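Let's take a walk through this structure together.

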Amino acid sequence: MSERVYQGIGVSDGIRMGKAFIYRRAPEPDTNRMIKQEQAEQEISRLDRAVEHAVLEIDELVARASKTLGDDKVAVIKGQKTFLSDPAYCPQMKKLIQEKLFSSEKAVREVTDRYAGVFEGMENSYMRERAADVRDAGNRLLQHLSGADCVDLSKLDHPVILVADDLAPSDTVRLDRNLIRAFVTRRGGKTSHTSIFARSLDIPAVVGVQDIMDGVTDGEELILDGNKGICIASPNPETVKDYHAKMEQERRMEEVFRRYAAQDAHTHDGKRVIAAANIGSLSDAEDSLKKGAEGVGLFRTEQVYLSRKTAPDEETQYQVYRKIAECFGSKEVIVRTLDVGGDKEISYLGIGKETNPFLGYRAIRYCLDRKEIFLTQLRAILRASAFGKLSVMFPMISGIQELEAAKAMMEEAKEQLRRRQQPFDESIRTGIMIEIPSAALMADVLAQEADFFSIGTNDLTQYTLAVDRGNEKVSYLYNYFDPAVVRLIHRVSDAAHQAGIPLGMCGAMAGDPLAIPLLVGLGLSELSMPAGSLAQAKYTVSMLESKSCGELAAKAVNCRSAGAIRDLLQEYLQKHGEQD
Ligand code: PEP
Ligand code: MG
């Protein structure tokens, strides 16, 4: 085949070469469908066939797993078979099909949820864990009912470039960075959560490539260029040679940046800027320390929830948070409370489908409604705070009432721990993300109640410009250099300085070398980013001069367009000697 170039949106830098691996996920089953009376018999045969296939599949898996996995893992897989042959599980589904005219999918969902709910309500933690097995059994049945032949990513055994229609955050957390060299997807935007996870894993990625699924064949040779946002299929020898040279150049620049990684970030004239990391797990924490993190500006705790089938209990969360606190010692770790919803679906949390998920039941709104889930997390964070320097940060605060309600929950969690006589850091700081325009506009009021602010430009950009951050069709409008966004940052900075509270940023803008002079000029004291960006960011900060950054920022807020702001910044960096 001849060389073809596919253009998309580069969301995680780096160049990789390798063979394509096409990943197709099973379509979402319709679990609301009803049937007609005369279809009942046929529907029951469909269900019987799906059960038969699921049992055969489990037998195969057990045979394979016995050779490679421990007895405990094999027992978990066998557990699913027990449910399929339970005298009530499948017969109850058939009853619903016959008597209530549910489709097989609807019956499977209904009975599985009911069963899982019973297990989840049990005292014994071993029994509670069984809820995940019932859900697995149910999902396996749904997959066989859809007849989809879906590939299991965990079965990959050689390095590839993953080609997919889309990857859900729950897929990305399972990606093995040793086997996935890079990925390219048809959907997605620059700051969709899939892209964010790719950056945190340091996996080069391109999203929003319209015809990638039909254009590329399994096993075909690919070059993925995350810097330019392109994917080249069957590259000709000239292109391969060019790219080898580019990869070599990239390696040399990384060596230059690496020299700055171990130093604290400060400008040429000595102004201190904290270069912190965005993390989602203990392994991210360890990795970011090696790459020069001076703390954590954003710990996305939802990743602790995403990699599981049931909600993590207090003890499980406490163990993770404590290890991360210990890892950073006296360096601050800002733990963001659960930010679920939007494009992060965690099925067991029961958010359900929404018409406008980014404007809906998300983050702090969910937590203030599901008080037990919120209190469990707050207690776990507080307990871990006794072992390091943790701070708590609430996401998606839109106004003062929400902040007061969240702080009241925090007080309640503290009181519960005091009653249990469990220690925690009594002086723990509580801050908020500024990522909704209303919060930016009311920052002076919010600053009276918050110990710090961290600007989330990923959401602030989407809400200010009314551009879905994950929609490739409107990604041309998504731009954090838009003067509307820059003016809001300026306003938040004024409010934070007036109130004397620290101001950081943890959205993608903070790790963009082009944006850094502007952010320093706007008075931000902490920039938090994926670990892979730290070395270059510290290098960029080291070239800046704080006074001229201030002048630059004053000019930027008066620009008419994102293009004008970019030009200004490019000119500044050229003058101050950035090498590209
Ligand atoms: C943001 O919105 O900028 C942010 C950091 O939070 P998240 O990307 O997790 O929504
Ligand atoms: Mg956000």
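Start with two helices: α18 passes α19 in a right-handed crossing. This is a predicted model, and everything below is read from it. To find the pair, look for residues 457-465, which form α18, and residues 483-499, which form α19. Their axes come within 10 Å and cross at roughly 120 degrees. Angles of 65 to 115 degrees count as roughly perpendicular and those over 145 as roughly antiparallel, and α18 and α19 are therefore oblique to each other.

Which residues do the meeting? On the α18 side they are T457, L460, T461, T464 and L465, and on the α19 side A484, V485, L488 and I489. Sort the residues of this contact by type and you get 6 nonpolar, 3 polar and no charged.

For N458, a backbone N or O atom lies 2.8 Å from a ligand 1 oxygen. D459 uses its side chain instead: a polar atom there lies 3.0 Å from an oxygen of ligand 1. There are 17 residues around the ligand, and R300, R336, G456, N458 and R469 come nearest.

Finally, visit two loops. L101 sits between α3 and α4, and M396 sits between β12 and α15. What is phi near in L101? It is near 60 degrees, a positive value in a residue other than glycine. M396 also has a positive phi, near 60 degrees, and is likewise not a glycine.

Methods. Residues numbered from 1 in each chain as written. Chains lettered and ligands numbered in written order. Predicted model: local features only at pLDDT ≥ 70, side-chain atom pairs only at ≥ 80, totals over all residues. Heavy atoms only, no water. Axes fitted to C-alpha atoms, helices over the stretch in contact; angles between N-to-C directions. Helix = DSSP H or I, 4+ residues; strand = E, 2+ residues; numbered from the N terminus. Parallel < 35°, antiparallel > 145°, perpendicular 65-115°, else oblique. Left-handed = near helix turned anticlockwise from the far one by under 90°. Contact = heavy atoms within 4.5 Å. Nonpolar A, V, L, I, M, F, W, Y, C, P; charged D, E, K, R; others polar. Near = heavy atom within 4 Å. Polar contact = N/O pair within 3.5 Å; in protein donor to acceptor, adjacent residues only side chain to side chain.
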